[in-house]
Amino acid sequence: MPESPHSTALSDQLLAAARAIRAVLGGQSLSEALEATPATLRPAAQALSFHAMRRLGHARAACERLVPRRPPERLVEALILLGLSLLEASLRQAEGAEQPPGTPIYHEHTLVHQLVEAAAADRRARPAKGLINAVLRRYGRERAALHTALAKQPEAAWNHPDWWIATVREAWPDDWQTILASADQPPPMALRANVRRIGRDALRARLGEAGLDARPVGEDGLILDAPRPVRDIPGYAEGWWSVQDPSAQRAARLLPLQDDMRVLDACAAPGGKTAHLLEHHRLRLTALDSDAQRLERVGDNLRRLGLESADVSLRCADAARPADWWDGQPYDAILADVPCTASGVVRRHPDIRWLRRADDLARTAALQARIADALWPLLTPGGHLLYATCSIFPQEGESQVRAFMDRHPEAQRLPAPGHILPGGPDDGDGFYYALLRKPA
């Protein structure tokens, strides 16, 4: 059973999750949708909707067979998709199949009844109570035959859009199945010790005193044995740590920095890498981002971690247009964590795969090239640029950097991880890093 407040009925939780799923079906991110969910329902709605996103391909294919005519009300569709994803997990568990940690499991009769109650609580879905009941009960009866048919559909079998499956398969012919399967596993919760305030070993000891087990990862990180709400972990208010994936924690260590360097963190929000840079060095740092609201989060994070200083400035501007914000003084180092499809963090944000479109890849790749070309002249001779993306698609990683070096043959490429596939030795997200040096 998912963790949820005892004061909320399961039907209320299911309805809140279905409303979030409806938002994703309409093109909104799940994070934005959940922010609009009442606080008492949000944890349960998140667990339920995340599960549905990880099983949406199978649920949608089953729905198309069981409901030939798409329901005109999208909330009804969302309730059916949620019900099918939950029912499949519950039936698999009853058969003895192991389910990912945190999978919401309910008795079949309870689940169907509560989904009908959820529909009854919303006037737009109320007329479809009978349909929802009939579809879910029919799925239980015809499940074996449906599985045989759906196994031939890649989107249903792998719970990713067809174009995404084809792109991963072409890029990683030996690993594509592992990559797609890992996206349906909840990621671990990793912390990064704020070494300005506490060492990694000392933080681990403090967590142990509070009954939280954690194992070291990387140079500053810890992976908790199980995710926890951030405010339930000792040291949040004191700024002892930040939540940051192990792959993202590599950025600050890859840039060769020294105190008093002039550094640009382009595309900085929400500020995890900005803070990590400042935790290890006293820098004259500019954190740049084009989203004012997200840039505020950078400031909030720096204040909580005790990293604010007169030498750190936040600028809201477009990294691809330096004429609008650059003061003409070159930077010793630039971190270019450029926008991308976020294909490497899909297990953490399972709605991403359903929100992206095939043509997004070319669009983001073009934007990345513009940003990299715009930032390169801002680098001092002998300076370093770290190109980073949370993507596993070569078009946004290795192919992008090779094209950059064709345009800038003077750039010297230094050792860096390149593509990091999700769920590797550090159990981190998918990422890409390339370190470039401008000749002195």
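User: Which element gives the largest share of the lining of the second largest pocket?

Analyst: Rolling a probe the size of a water molecule over the atoms shows where empty space is left. In this predicted model, helix H5 gives the largest share of that lining, 4 residues. A pocket is an open set of points on a 1 Å grid over the protein atoms alone where a 1.4 Å probe fits, with protein on both sides within 12 Å along at least five of seven lines; lining residues have an atom within 4 Å of a point.

User: Which elements give two or more residues to the lining?

Analyst: H5, H7 (129-150), H8 (154-158) and H10 (176-182) do. Helices are DSSP runs (H or I, at least four residues), numbered from the N terminus.

User: Which residues lie closest to the pocket centre?

Analyst: Arg55, Arg92, Ala157, Asn159 and Asp184, out of 21 lining residues.

User: How do I read the packing of H1 and H5?

Analyst: Two packed helices are described by the angle between their axes and the distance between the axes. The axes of H1 (residues 10-25) and H5 (residues 74-94) come within 8 Å and cross at roughly 115°. That makes H1 roughly perpendicular to H5 (65 to 115 degrees).

User: Which residues make the contact?

Analyst: From H1, Leu14, Leu15, Ala17, Ala18, Arg19, Ile21, Arg22 and Leu25 take part. H5 brings Arg74, Leu75, Glu77, Ala78, Leu79, Leu81, Leu82 and Leu86. Contact means heavy atoms within 4.5 Å.

User: How are residues numbered, and what pLDDT is needed?

Analyst: Numbering starts from 1 along each chain as its sequence is written. Local features need pLDDT of at least 70, side-chain atom pairs count only at pLDDT 80 or more, totals for chains, interfaces and linings use all residues, and side-chain values use heavy atoms, without hydrogens and water.

Terms used:
Axes are lines fitted to C-alpha atoms, for helices over the stretch in contact, and angles run from 0 to 180 degrees between N-to-C directions. Angles under 35 degrees count as roughly parallel, over 145 as roughly antiparallel, 65 to 115 as roughly perpendicular and the rest as oblique.
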